[in-house]
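Me: I am new to this structure. Please take a close look at a single part of it and describe what surrounds that part.

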Amino acid sequence: MRELEERILKDGRVLPGEVLKVDRFLNHQVDPDLMFQIGTAFAHKFQDAGVTKILTVESSGIAPAVMAGLAMHVPVVFARKHKSVTLIDDLYTAEVYSYTKKTSNHISIAKKFLSATDHVLLIDDFLANGQAVQGLFEICDQAQATVAGVGIVIEKVFQTGHQLVEDRGVRLESLAQITSFEGDRVHFASEKTTD
């Protein structure tokens with residue numbers, strides 16, 4: 001998605017440890033126009049996948065997931081990271097490690113929102129080591145739901161998350177694929193090389 005790549009180059013910042021900061025438009029301040037384009041792109045890519053529900057992890061996955069849900073006319077469920085007094089029983093849970101926050105969280109979804117009849121599209125803001133997606137896979141496995149695909153806004157293809165999804169045999173669609181941060185610059189898979 002060219003608009004997304006241009007925005008990453010304009011407003012993204014490469015930090016030490018192969019971290020890309022995109023808080024100006026994706027995961028702190030949200031650009032609703034760009035988010036609408038992202039949701040529409042996911043809807044187009046997965047239009048024939050039979051998706052009945054979209055699943056994500058709070059909080060940065062919510063904006064792209066909601067926009068995709070709007071475009072696809074399906075409900076969006078987000079896995080909560082923190083226990084709530086209203087979310088205590090009948091839960092699917094998984095443990096997820098966050099590389100950027102250096103902490104593990106138990107994510108939870110109420111069983112009433114996910115069942116064996118669902119065809120689920122997993123959406124998240126980033127795919128790096130694949131921990132969030134792995135946690136969502138585990139929750140779908142517990143519910144015996146079918147994972148119809150994984151939609152990622154920004155994928156770091158040089159890390160292990162891509163292989164994790166591929167090993168599951170699940171379709172992966174990423175809107176921006178980063179191949180490296182060589183020279184403290186973002187390099188995309190879409191870049192053409194000339195000989």
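Reply: Contact here means heavy atoms within 4.5 Å of each other. The model is predicted, so local features need pLDDT of at least 70 and side-chain atom pairs count only at pLDDT 80 or more, while totals for chains, interfaces and linings use all residues. Residues are numbered from 1 along each chain as its sequence is written, and side-chain values use heavy atoms, with hydrogens and water left out.

Leaving aside neighbours within four places in sequence, Lys-156 is in contact with Glu-18, Val-19, Phe-126, Leu-127, Ala-128, Ile-178 and Phe-181. Lys-156 is found in strand E8; strands (E, at least two residues) and helices (H or I, at least four) are DSSP runs, numbered from the N terminus. Lys-156 counts as buried because its relative accessibility is 6%; buried means under 20% relative accessible area, exposed over 50%, and partly exposed in between, with a 1.4 Å probe and protein chains only.

The UniProt annotation "binding site", from an unreviewed entry, covers Lys-156 together with Leu-20 and Asn-27. UniProt positions are given in the numbering used here, feature names are shortened, and annotations may be inferred rather than shown by experiment. Leu-20 lies in strand E2 and is buried, with a relative accessible area of 5%. Beyond four places in sequence, the contacts of Leu-20 include Ile-8, Phe-126, Ile-154, Ile-178 and Phe-181.

Phe-181 and Phe-158 form an aromatic pair that is edge-to-face, 5.7 Å centre to centre with 80 degrees between the planes. Rings of Phe, Tyr and Trp (its six-membered ring) pair if their centres lie within 6.5 Å; planes under 30 degrees apart count as stacked, over 60 as edge-to-face and the rest as tilted. The structure holds one such pair. It links distant parts of the chain, with Phe-158 in the loop between E8 and helix H5 (161-167) and Phe-181 in the loop between E9 and E10, 23 residues apart. Phe-158 counts as partly exposed, because its relative accessibility is 29%.

Glu-18, another contact of Lys-156, is found in the loop between E1 and E2. Glu-18 is partly exposed, with a relative accessible area of 38%. Its phi is near 60 degrees, a positive value in a residue other than glycine. Most residues other than glycine have a negative phi.
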